[in-house]
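Subject: The structure I promised you

Hi,

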Amino acid sequence: MQKKIIVIGNWISYLFFLGVWLTAYIFYQAYELLALLVVMLALVPVSIGAVYYLRRKLQISCSVRRKQAEKDQSFLVDFVVNNPTILVSRNVILTVDVENTLVGEPQRQYMVIPLKAKGEKKVCVECKGIYCGMMQFHVVQCELRDWLGLTLLKREINVKTDIAIMPNVKSVNIDYEHMGRGEGEQERRTLSQKGDDVSEITQIREYEPGDRLQNIHWKLSSKSESFLVKDYSMPVNHEITLLLDFRKTDDKYGEKEQLKTARHSRADRGNSVDNTGKLWKLDDVLELFFSVILFLCQEGQEMYVCWVNGEELEEAHISSKEQWMSLIFKIYEGKPNQGEISAYDYYSRLYAQSLGNTMYFCRKDALPQGGEYEQEMQIEAGEAVAVWL
């Protein structure tokens, strides 16, 4: 709206001076005034045409000087506008969307860059990330104003760069000797119900397309009208499963709670991308989750981690700090669960017999009511909680 007002104001000024010179020429009939009037009329198409050509030739890029940064650590983002022509412009307006691609929503920023002929202009912007995730800078549009300021020409741009904002590692101490409860739960199975451990058969069922022929139970099949298949279990192990729940939705919270969390976010976290308090809650969950994984890696404990990416339950095996680092980027590049079904629901429905030795990470206000977990065996960090299932 402000840009339109400026353009309208420039047109009013231009038409005013054009009217003044036209009136002067009518009264004095001087050739000098006529020449000046012709020049003023010709300036409009020349000015707009030159900037239209310049807009097509501009080359715009952006880059971050490092691949990752700690939270609240400054880093530089370079925006470069290259002008291969002899034309100049007083200002090039870049529209940049800044977003935490994991859990955030884009925040639009504008940059005004003066442009010289036959050269490039680099602008370095100092930024900080306050939440875990991949911080992306996306140049979506550039705007150029002609020399007279009578029009604003736009051009769509699609230039991106990003940087990983690493989680702060919290000091945690997990008593994983108490993992699992009840008879037989000191030994658990991996998430996959079907495996290759021929020492134990989990079930016998009818043949389905894709089943291995060597798994057919020929003896029972000969007594049945259809082929029967043996499902084998995976080998038994003592590893832990860490289950991450970082749903993006906050639909069940009322307006009062949203305003409360928004004030909390502004007071303690600075300017937030999302004012409903979702980001700082999810941020606590991610930090606690990654901190526990790193602690277990340093203790020499292997583990499985499980999380919902979009609508799919994913799994990874972690046993070293290098794998921990790779996991961070893998989760950053995914999508939070957008629905109301939690990771706990996904996990318990698919693998109801494999809940032993599993630690569940979520927001405090998202802890399942009446779930089968031990409240006395939990750790908390901010708005995040982890409980043993």
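Which strand is threonine 358 found in? The answer is strand β14. Keep in mind throughout that this is a predicted model. Threonine 358 has a relative accessibility of 0%, so it counts as buried.

**Salt bridges**

The search of the whole structure turned up 7 salt bridges. Let me walk you through some of them.

Start with aspartate 283 and lysine 71, whose side chains meet with an N to O distance of 2.4 Å. This pair links distant parts of the chain, 212 residues apart. Aspartate 283 belongs to helix α5 (residues 278-298), while lysine 71 sits in the loop between β2 (68-70) and β3 (75-83). Are these two partners buried or exposed? Aspartate 283 is buried, because its relative accessibility is 2% and the cut-off for buried is under 20%. Lysine 71 is buried too, with a relative accessible area of 11%.

Next comes the salt bridge between arginine 108 and aspartate 97, where the closest N and O atoms are 2.8 Å apart. Arginine 108 is in strand β5 (residues 107-115) and aspartate 97 is in strand β4 (residues 89-100), so this pair ties together parts 11 residues apart in sequence. Here arginine 108 is partly exposed, at 46% relative accessible area, whereas aspartate 97 counts as buried at 13%.

Then look at lysine 364 and glutamate 380, with 3.0 Å between the closest N and O atoms of their salt bridge. Lysine 364 lies in the loop between β14 (358-363) and β15 (374-381), and glutamate 380 lies in strand β15, so parts that are 16 residues apart in sequence get tied together. Lysine 364 is partly exposed, with 36% relative accessible area, and glutamate 380 is partly exposed at 49%. Back to lysine 71 for a moment: salt bridges with shared partners join Lys71, Lys170, Asp283 and Glu287 into one network.

**Two helices**

How many residues does helix α2 have? Helix α2 (residues 31-57) has 27 residues, and the distance from its first C-alpha to its last is 39 Å, close to the 39 Å expected at 1.5 Å a residue. There is a kink of about 30 degrees at leucine 43 in α2, shortly before proline 45. The buried residues of α2 are Leu33, Leu37, Met40, Val44, Ser47, Ala50, Val51, Leu54 and Arg55.

Now colour the buried residues of α6, which are Trp324, Leu327, Ile328, Ile331 and Tyr332. These residues cover an arc of only 130 degrees around the axis, so they end up on the same side of α6.

**An open sheet**

There is also an open sheet of 5 strands, in the order β2-β8-β7-β4-β5 and with mixed pairing. Why is one side of β2 and one side of β5 left without a neighbour in the sheet? These two strands stand at the edges and each has a single partner strand, so one side of each has no neighbour there. On average, neighbouring strands of this sheet are turned by 35 degrees against each other, ignoring direction. Between β2 and strand β8 (residues 152-166) there are 3 bridges, and the two strands run parallel. As an example of a bridge to look up, alanine 69 has isoleucine 165 in β8 as its partner.

**Two loop residues with positive phi**

Aspartate 72 is in the loop between β2 and β3. Its phi is near 65 degrees, a positive value in a residue other than glycine. Aspartate 72 counts as partly exposed, at 49% relative accessibility.

Lysine 118 also has a positive phi, about 50 degrees, although it is not a glycine. You will find lysine 118 in the loop between β5 and β6 (119-127), and it counts as exposed because its relative accessibility is 59%.

Conventions. Residues numbered from 1 in each chain as written. Predicted model: local features only at pLDDT ≥ 70, side-chain atom pairs only at ≥ 80, totals over all residues. Heavy atoms only, no water. Buried < 20%, exposed > 50% of the residue type's maximum accessible area, 1.4 Å probe, protein only. Helix = DSSP H or I, 4+ residues; strand = E, 2+ residues; numbered from the N terminus. Arc of directions from axis to C-beta. Salt bridge = Lys/Arg side-chain N within 4 Å of Asp/Glu carboxyl O. Expected span 1.5 Å × (residues − 1). Bend = angle between axes of the 7 residues up to and from the residue. Pairing = 2+ DSSP bridges. Axes fitted to C-alpha atoms, helices over the stretch in contact; angles between N-to-C directions.
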